[in-house]
Amino acid sequence: MAAEHSVGFEPADRLAEDRESVRRRFWRKLKRVAAHLPFAEDLLAAYYCAFDRQTPRHVQASLLGAIAYFILPFDFVTDVMPILGFADDAAVLATAIRMVASHITNEHREAARAALKRGVEEAEEEAEA
């Protein structure tokens, strides 16, 4: 899956191929950082789109790559830095969303808003069910 356009993102590309690992690690990291993410709703909408069986494979691959980059323990800009820590994650996610925006439906966005309203713990349990 690592292609010329993804130079430097090979670890995220490899991780994105393991959907269950992405799913598990996504919720773990989201629980830790959700309160600090101004783009949490977009991230969750992308997650729900990526795991929607109706979503085309190429769209799933793009979104899983961006989500995998978010959950990787290393970044170009470390996540613990105030304000800037998630800037690279947001940029990667925004790029992926821009590429596949027409596939992220109102239902995905509504699910993301509902998950944030319920709380990440409950949303994870529902996603696993």
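# A walk from salt bridges to aromatic rings

Start your tour by selecting R109, which is partly exposed, with a relative accessible area of 23%. Here "buried" means under 20% relative accessible area, "exposed" over 50%, and "partly exposed" in between (1.4 Å probe, protein chains only).

Before you go on, know that this is a predicted model, where local features need pLDDT of at least 70 and side-chain atom pairs count only at pLDDT 80 or more, while totals for chains, interfaces and linings use all residues. Residues are numbered from 1 along each chain as its sequence is written, and side-chain values use heavy atoms, with hydrogens and water left out.

**Stop 1**

(Helices are DSSP runs of H or I with at least four residues, strands are runs of E with at least two, and both are numbered from the N terminus.) D42 is partly exposed, at 32% relative accessible area.

**Stop 2: R113 and E41**

Now select R113 and E41, whose side chains form a salt bridge at 3.0 Å, N to O. R113 sits in α6 (residues 106–118) and E41 in α3 (residues 40–50), so the parts tied together are 72 residues apart in sequence. R113 counts as partly exposed at 39% relative accessibility, and E41 is partly exposed at 28%.

**Stop 3**

How many salt bridges does a search of the whole structure find? The search finds three. For another of them, pick R23 and E20, where the closest N and O atoms are 3.5 Å apart. These two are three residues apart in helix α2, which puts about one helical turn between them. R23 is buried, with a relative accessible area of 19%, whereas E20 is partly exposed at 47%.

**Stop 3: the rings**

Next, show the aromatic side chains; the structure holds six aromatic pairs. Rings of Phe, Tyr and Trp (its six-membered ring) pair if their centres lie within 6.5 Å; planes under 30 degrees apart count as stacked, over 60 as edge-to-face and the rest as tilted. Select F26 and F70: this pair is tilted, with 6.2 Å from centre to centre and 55° between the planes. F26 lies in α2 (residues 19–33) and F70 in α4 (residues 57–71), so the pair ties together parts 44 residues apart in sequence. Are F26 and F70 buried or exposed? Both are buried.

Then move to Y47 and Y48, whose ring centres are 5.5 Å apart with planes at 75°, so this pair is edge-to-face. Y47 is buried at 1% relative accessible area, and Y48 is buried at 18%. To see one whole aromatic cluster, select F26, W27, Y47, Y48, F51 and F70 together.

**Stop 5**

Finally, select all of α4, where 11 of the 15 residues are buried, among them V59, L63, L64, I67 and F70.

Key
Salt bridge = Lys/Arg side-chain N within 4 Å of Asp/Glu carboxyl O.
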